[in-house]
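Thanks for coming. I will take the interface between the chains, then the cores, then a few single residues.

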Amino acid sequence: MTPSPPEPFLPDHVPLFGTWGRIYTAVIAVTLLVMGALALFSAWNF
Amino acid sequence: VGSLDWAVLGVYLVAILSFGLLSGRGNRGITDFFLAGRRMPWWAIGLSVMATQISAITFVGTTGQAYTDGMRFLVVYFGLPFAMVILCVTLVPLFYRSGVFTAYEYLERRFDPRTRTLTSLLFLASRGLSVGITLYAPSLVLSVILGWSESRTVLFMAGAAIAYVIYGGNRSVIWTDVVQMTVIWLGIFVCVGTAVSQLPAGFRLTDALALAQTSGKLRIMDTSWSLSKPYTLWSGLLGGLFLMLSYFGCDQSQVQRYLSGSDLTQSRLSLLFNAFFKIPMQFLVLLTGVLVFVFYHFHAPPLLWNPVELARLEAHAPSGAAKELEDRFGRAFAERRAAAESMAAARHRGASADPETYLRAAGEMGATRAEAVRTLEGLEGGGRYNDTNYIFPSYVVNELPHGLTGLVIAVIFAAAMTALSGELSALATASMVDFYSRFVGRKGSLSELLIARLLTAGWGLFACLVALRAGHLGSAIEVVNTLGSLFYGSILGVFLLALLVREARGAGAFYGLLAGLATVLGVARFTSIHFLWWNLIGASCVVAVGSVISILSPRPEGAPPPG
């Protein structure tokens with residue numbers, strides 16, 4: 001089998017927020033929020 | 001386990017096999033077979049990526065880990081979202097636009113054939129052996145709990161998965177993963193809901209969490225900087241980041257999933273889907289283990305969770321010793337239960353609860369159990385005893401209502417089958433693309449699709465043989481389990497070298513990889529540094545040594561200048 005030749009890929013579209021950079025920022029922001037919530041859960045006086 | 005449970009499990013196995021065969025129709029070539037024709041949507045790949053990472057033993061082991069050690073294991077996944085973003089920016093577009101089948105194929109284009117061969121060989125060696133253990137470990141637990149023979153459990157788990165992967169390839173893997181991941185999520189919610197509903201009357205969820213907190217089970221954030229301490233916040237963030245970069249960026253069983261996307265956006269979104277949902281999912285799995293821990297405050301737990309080993313202790317321990325230990329354990333349990341109830345009652349009155357009696361009774365239970373383990377290990381033929389993986393299956397079989405028991409056993413089967421199917425498909429792809437096609441392909445007369453199916457069948461057979469023989473491997477199992485951790489960081493280092501160092505060349509990558517492997521082996525053998533750091537150490541070593549060798553070695557004649 002020969003290595004695949006580059007295929008005519010569809011253009012890389014950005015599904016939301018306009019740019020991939022904003023999407024990544026949103027992912028990291030949500031991750032930090034989740035970690036903050038977990039820290040709160042861990043330290044909460046039940 | 002009642003007839004309703006067997007019916008649920010039977011229906012599940014028949015349904016998943018049928019669905020796997022149906023969804024895998026229409027493979028015309030190896031792009032279809034290995035990459036699902038590059039036509040998959042992001043949500044299906046995302047669920048498949050998640051499913052491939054969950055094996056049965058990580059499912060039952062994680063709940064058991066929460067029972068014994070609390071929720072701090074969660075930090076292992078803290079690096080995952082960051083790793084996903086880094087991969088979406090770097091390796092995913094590189095792999096996708098190169099049109100490669102395997103991650104290692106890219107290394108030949110960037111460096112040289114031997115670097116590709118070595119990295120693919122390391123993947124085949126570590127993943128090939130561990131896939132058998134992936135199958136063996138849950139089959140051992142389920143055989144003890146269900147009373148089946150190990151071989152029957154292995155064949156039931158592996159048979160259906162192997163059949164649909166041989167027939168449908170990666171398309172079957174991804175679509176069955178979607179169904180199985182849905183079943184797994186359903187099972188997780190059922191477990192959490194059931195564990196909450198089984199709390200005693202008047203004992204609220206907040207009482208359960210307070211009890212778990214008193215026992216230290218809710219502690220997640222340990223900010224210690226010790227390199228040998230397991231599951232600190234920093235080892236999770238930094239070590240976990242490199243672990244996840246290695247696993248999702250360089251392990252073919254994951255790379256193959258996201259290379260099946262219909263475009264680069266689908267591949268990226270599938271990883272970001274995991275970035276969002278992985279930590280909450282693991283939190284729920286660990287919470288299930290914590291709630292099972294609370295459940296056994298009000299229902300007597302066994303002295304040892306492995307019933308076969310408990311029977312051995314009772315039969316062979318010095319006269320009366322096992323009985324005495326069980327009586328002591330029972331008295332401490334009764335004292336702990338009374339203390340837990342009185343703490344909850346004090347909370348309801350608004351008074352402060354004194355945990356001293358509770359902690360003393362819990363300590364006595366732990367000490368009695370530790371003595372039982374020491375006695376067991378001291379018996380003739382006794383090895384190291386660990387029953388963490390038996391806790392959750394024991395709870396499922398003995399405490400869940402009929403029907404739900406069958407569902408959760410089906411979840412354990414699903415977790416085993418998702419890991420197995422993804423790994424078999426990846427092993428067959430790497431064997432064919434990185435070895436057969438390069439060294440044999442032109443001389444062979446069989447069609448590529450037939451070879452791909454034969455290789456899948458071969459790896460499936462090998463996995464079953466390893467699983468069936470694993471009981472005789474002894475401590476070799478631990479070696480097999482850690483093989484991935486020994487190799488992954490160094491393989492990641494080669495990819496980092498390719499991305500970060502423009503001057504890097506084949507000799508630097510190859511010898512840098514060897515240096516990284518030797519360093520990690522030395523660290524694992526001679527230091528107490530926790531395994532979460534090994535990937536970072538291996539990757540850093542490869543980048544450093546590879547850069548120096550590349551810069552110092554003469555540039556081949558006719559080679560273009562760097563950059």
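How many residue pairs are in polar contact across the interface of chain B and chain A? The rule finds six, with both residues at pLDDT 80 or more. A polar contact here is a pair of N or O atoms within 3.5 Å; within protein, one must be able to donate a hydrogen and the other to accept it, and residues adjacent in sequence count only if both atoms are side-chain atoms.

Some housekeeping. This is a predicted model, in which local features need pLDDT of at least 70 and side-chain atom pairs count only at pLDDT 80 or more, while totals for chains, interfaces and linings use all residues. Residues are numbered from 1 along each chain as its sequence is written, chains are lettered from A and ligands numbered from 1 in the order in which they are written, and side-chain values use heavy atoms, with hydrogens and water left out.

Back to the interface. On the chain B side, α5 (80-89), α6 (91-98), α7 (103-110), α10 (205-214), α13 (264-295) and α18 (404-439) each supply at least two residues that touch chain A. Helices are DSSP runs (H or I, at least four residues), numbered from the N terminus. The largest share, nine residues, comes from α13(B). By class, this side of chain B has 25 nonpolar, seven polar and nine charged residues. Nonpolar means Ala, Val, Leu, Ile, Met, Phe, Trp, Tyr, Cys and Pro, charged means Asp, Glu, Lys and Arg, and the others, Gly among them, are polar.

In contacts, meaning heavy atoms within 4.5 Å, 41 residues of chain B meet 27 residues of chain A. The area buried between the two chains is about 3000 Å², and carbon and sulfur atoms give 71% of that. Buried area is the accessible area (1.4 Å probe) that two parts lose on being put together, summed over both. The count of salt bridges between chain B and chain A is zero, a salt bridge being a side-chain nitrogen of Lys or Arg within 4 Å of a carboxyl oxygen of Asp or Glu.

Helix α10(B) deserves a slide. Its buried residues are B:D207, B:A208, B:L209, B:A210, B:L211 and B:A212; buried is under 20% relative accessible area (1.4 Å probe, protein chains only). They pack against α1 (20-43) of chain A, together with α13, α15 (321-349) and α16 (356-378) of chain B. After α10(B) comes B:G216, with a positive phi near 80°.

Now the cores. A nonpolar core is a set of buried Ala, Val, Leu, Ile, Met, Phe, Trp, Tyr and Cys residues joined through side-chain atoms within 4.5 Å. The largest has 196 residues, and B:F34, B:F59 and B:F95 touch the most other members. The biggest contribution to this core, 20 residues, is from α18(B). Another core, of 17 residues, lies apart from it and includes B:L310 and B:Y385.

Next, B:S490, in helix α20 (residues 476-500) of chain B. It is buried, at 0% relative accessible area. Its side chain has a polar atom 3.4 Å from the backbone oxygen of B:G516, and the side chain of B:S490 also reaches the backbone nitrogen of B:L517 at 3.3 Å.

Last, the loop between α2 (30-35) and α3 (42-53) of chain B, where B:A36 is found. B:A36 has a positive phi of about 50° although it is not a glycine. B:R38, in the loop between α2 and α3, has a positive phi near 50° and counts as buried at 7% relative accessibility.

Notes
Buried < 20%, exposed > 50% of the residue type's maximum accessible area, 1.4 Å probe, protein only.
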